[in-house]
Amino acid sequence: MVQYYFLGRGAISNLQDLLNNKKAGAKDAFVVMVIDHYFENKNILDLSYLSAEDLIIYAETDEEPKTSYVDKLVDLARSKGRLPVAVVGIGGGSAMDIAKAISVLLTNEGPSENYQGWDLVKNPAIYKIGVPTIAGTGAEFTRTAVLTGPTKKLGINSDQSVFDQIILDANLLTTVPKEQFLYTAMDCYVHNAESLLGRINDSMTIALAEKSTKMIEEIFLGEMDLEKLLVASGMGGLAVANSAVGICHPLSYGLSIELGLRHGYAICIAFNQLEEYYPQVKTFKEILKKYEIVLPKIITDDITDEQLDRMAEATLKNENPLSNAFGPDWKNIFSKAKVIELLKKM
Ligand code: NAD
Ligand code: ZN
């Protein structure tokens with residue numbers, strides 16, 4: 001769990017003090033700022049207190065983070081010849097995961113793909129701060145940094161991937177376009193549903209997921225409240241990180257890998273067809289209707305049987321989530337034919 005947080009509109013103003021304290025007046029101390037490229041030249045973030053020593057990286061997030069991209073940024077930070085006193089990630093799951101990965105890689109030799117997996121990180125990471133500017137993934141709270149490598153999309157799952165401090169400031173969420181806003185928020189709704197339906201959970205994750213679900217429903221079917229959304233997103237992240245995803249995420253990975261769909265969008269496309277497994281899909285559809293979002297049909301006649309087959313294979317690789325959803329006998333329950341039947345509806 002993250003140990004320290006600031007929560008409230010304007011909370012980002014605490015960043016300056018946090019960084020100055022870390023620098024403690026040392027002349028050559030510097031920080032690495034990983035900021036979503038949306039904020040470049042926008043005049044939304046006050047960075048006037050940074051010095052010429054600090055390294056500001058406007059991260060490309062049009063694609064989800066790749067190991068090769070992270071490795072390039074780590075080399076860039078290393079070219080300073082000394083370690084930074086802090087790494088800050090400001091953005092969505094993508095920018096925050098890049099920041100987490102950099103903080104780990106700076107003190108651990110070798111390429112980032114070596115650390116994709118569970119508890120492979122040996123040395124303590126650099127102090128890091130996360131600041132979400134879009135809510136839903138819960139990445140600011142979790143112990144993983146999700147990266148796409150040459151052979152797999154898999155997180156650096158480690159205690160060293162947890163932010164030391166996070167800043168939850170609803171003011172930063174106001175510029176997200178409606179569709180992206182909803183897709184990322186629904187990632188949280190789906191994390192909760194999968195966590196609740198799974199077998200790997202406990203009273204803590206159930207409590208977090210139930211309350212987070214209720215909050216999301218109040219926010220999207222009642223009154224929008226961005227601060228409440230940040231909290232719901234964090235609770236959903238904590239629930240799922242301490243239990244497991246289920247049927248929707250494996251299907252979404254197939255869509256993302258084969259067709260390049262962004263995470264939240266792929267989640268929505270998949271969840272929309274999973275009413276037979278998750279009662280929450282009914283409410284999800286009401287939310288889409290209220291926000292006037294019509295999900296397009298992705299699996300069209302142009303998609304070949306080979307592509308469908310690869311998507312099904314990518315889905316069925318996710319043994320842990322599927323076993324969480326269906327039990328140890330999942331292979332006899334969730335067949336490839338069933339996966340293809342579901343994909344064809346999407
Ligand atoms: P994202 O970070 O990929 O950003 C989505 C888009 O929103 C980008 O185009 C970005 O520029 C834009 N954006 C972000 N903030 C904005 C703002 N305030 N105003 C305008 N535009 C803004 O989106 P995401 O859905 O938060 O993250 C998805 C990534 O998170 C995926 O790579 C996924 O694998 C990962 N993820 C990580 C975890 C974790 O625990 N580490 C959990 C779930 C998902
Ligand atoms: Zn997700």
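**View 1. The area buried between domain 1 and domain 2 in the predicted model.** About 1700 Å² is buried between domain 1 and domain 2, and carbon and sulfur atoms give 66% of this area. On the side of domain 1, A135, G136 and L173 supply 26% of the area that this domain buries against domain 2, which is more than any other three residues supply. The size of an interface is often given in this way, as the accessible area that is lost when the parts come together.

**View 2. The two domains and the contact between them.** The domain assignment of the protein places residues 4–173 in domain 1 and residues 178–345 in domain 2, and the C-alpha centres of the two domains lie 26 Å apart. The contact takes 21 residues from domain 1 and 18 residues from domain 2. Between the domains the count of salt bridges is zero, whereas seven residue pairs are found in polar contact across the interface, with both residues of each pair at pLDDT 80 or more.

**View 3. The largest nonpolar core, with F220 and its contacts.** This core has 74 residues, and those with the most contacts inside it are F220 and L255. Helix α4, which spans residues 178–197, gives the most to the core, with nine residues, and the core draws at least three residues from each of domain 1 and domain 2. When residues up to four places away in sequence are not counted, F220 touches F181, L182, A185, M186, L229, I287, K290 and Y291. Apart from this core lies another, of 26 residues, which includes Y69, V70, A77 and I102.

**View 4. Helix α8 and what covers it.** Helix α8, made of residues 263–271, is mostly covered, and nine of its nine residues are buried. Among the buried residues are H263 and Y265, as well as C268 and F271. The elements that cover the buried residues of α8 include strand β8 (153–157) together with the helices α4, α7 (248–259) and α9 (280–290).

**View 5. Y253 in helix α7.** Y253 has its place in helix α7, and it counts as partly exposed because its relative accessibility is 22%, while buried would require a value under 20%. Leaving aside its neighbours within four places in sequence, Y253 is in contact with H263 and N318. Y253 and A241 are twelve residues apart in sequence, and from C-alpha to C-alpha they are 17 Å apart in space.

Methods: Residues are numbered from 1 along each chain as its sequence is written. Chains are lettered from A and ligands numbered from 1 in the order in which they are written. This is a predicted model: local features need pLDDT of at least 70, side-chain atom pairs count only at pLDDT 80 or more; totals for chains, interfaces and linings use all residues. Side-chain values use heavy atoms; hydrogens and water are left out. A nonpolar core is a set of buried Ala, Val, Leu, Ile, Met, Phe, Trp, Tyr and Cys residues joined through side-chain atoms within 4.5 Å. Buried means under 20% relative accessible area, exposed over 50%, partly exposed in between (1.4 Å probe, protein chains only). Helices (H or I, at least four residues) and strands (E, at least two) are DSSP runs, numbered from the N terminus. Domain bounds come from an automatic or database domain assignment. Contact means heavy atoms within 4.5 Å. Buried area is the accessible area (1.4 Å probe) that two parts lose on being put together, summed over both. A salt bridge is a side-chain nitrogen of Lys or Arg within 4 Å of a carboxyl oxygen of Asp or Glu. A polar contact is a pair of N or O atoms within 3.5 Å; within protein, one must be able to donate a hydrogen and the other to accept it, and residues adjacent in sequence count only if both atoms are side-chain atoms.
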